[in-house]
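Dear colleague,

I am passing on a structure that I have been looking through, and would be glad if you read the notes below beside it.

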Amino acid sequence: NHPDANKYQHWVNPGLPDNPGKWLSGSEEVQGSWWPSWWEWLKPLSGKKVDSVKPVDRNLGDAPGQYAPMRMGDIQAGKTPAGPYSDGTFPAKGVPRQKKTKKPKFRIPAGWM
């Protein structure tokens, strides 16, 4: 449910007693979702928003994949779905990605390399 629905409550206790029962008995009930409070705590700790990275198409087909519509009995019997990877055909190979070499963020002690 969306936090604005105010259908639930949560409990807060700034102390950290040694067991859950003590924590609950000393806690205060707060109406509404804990998500808005968590978000207010998280915002200053988060960096700036960035655009998402578009996933690379690996020619695997549409989700949920070929095995999802199969029955367990068919899979146990050794049947495979038609399509790439299961009938011996493979998608066309793309250009391999070059690995980026990163400099270590620390000084490597002499004799380690």
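**Salt bridges**

Asp 18 is exposed, as its relative accessible area is 66%, where buried means under 20% relative accessible area, exposed over 50% and partly exposed in between, with a 1.4 Å probe and protein chains only. Before going further, please note that this is a predicted model, in which local features need pLDDT of at least 70 and side-chain atom pairs count only at pLDDT 80 or more, while totals for chains, interfaces and linings use all residues. Residues are numbered from 1 along each chain as its sequence is written, and side-chain values use heavy atoms, with hydrogens and water left out.

The side chain of Asp 18 meets that of Lys 22 in a salt bridge, at 3.4 Å from N to O; the term stands for a side-chain nitrogen of Lys or Arg within 4 Å of a carboxyl oxygen of Asp or Glu. Lys 22 is partly exposed, at 46% relative accessibility. The structure holds three salt bridges, and another of them joins the side chains of Glu 40 and Lys 43, at 3.3 Å from N to O, with Lys 43 partly exposed at a relative accessible area of 40%. Asp 74 forms a salt bridge with Lys 79, where the closest N and O atoms are 3.8 Å apart, and Asp 74 is partly exposed, with a relative accessible area of 29%.

**Chain and confidence**

The chain has three helices and two strands, in the order β-α-β-α-α from the N terminus on; these are DSSP runs numbered from the N terminus, helices being H or I with at least four residues and strands E with at least two. The average pLDDT, which is the predictor's confidence in each residue from 0 to 100, is 80 for the chain, and 68% of the residues score at least 70. Among the elements, β2 has the highest mean pLDDT (93), and helix α3, residues 72-76, the lowest (84).

Of the 113 residues of the chain, 8% count as buried. The chain exposes about 11200 Å², of which carbon and sulfur atoms supply 58%, the accessible areas coming from the Shrake-Rupley method with a 1.4 Å probe and, for residues, only the protein chains shown counting as cover.

**Tryptophans**

Which residues form a nonpolar patch on the surface? Trp 34, Trp 35, Trp 38, Trp 39, Trp 41 and Leu 45 do, with about 710 Å² of accessible area together. Patches are made of residues with over 30% relative accessible area and no salt bridge, like charges being joined within 9 Å and nonpolar side chains (Val, Leu, Ile, Met, Phe, Trp, Tyr) within 5 Å.

Trp 34 lies in the loop between β2 (28-31) and α2 (35-42). Rings of Phe, Tyr and Trp (its six-membered ring) pair if their centres lie within 6.5 Å, and planes under 30 degrees apart count as stacked, over 60 as edge-to-face and the rest as tilted. By this rule the count comes to three aromatic pairs. The rings of Trp 34 and Trp 35 are stacked because their planes are at 20°, with the centres 4.8 Å apart. Trp 35 also pairs with Trp 38, edge-to-face, at 5.4 Å centre to centre and 80° between the planes. Trp 35 and Trp 38 are three residues apart in helix α2, and therefore separated by about one helical turn.

With best regards
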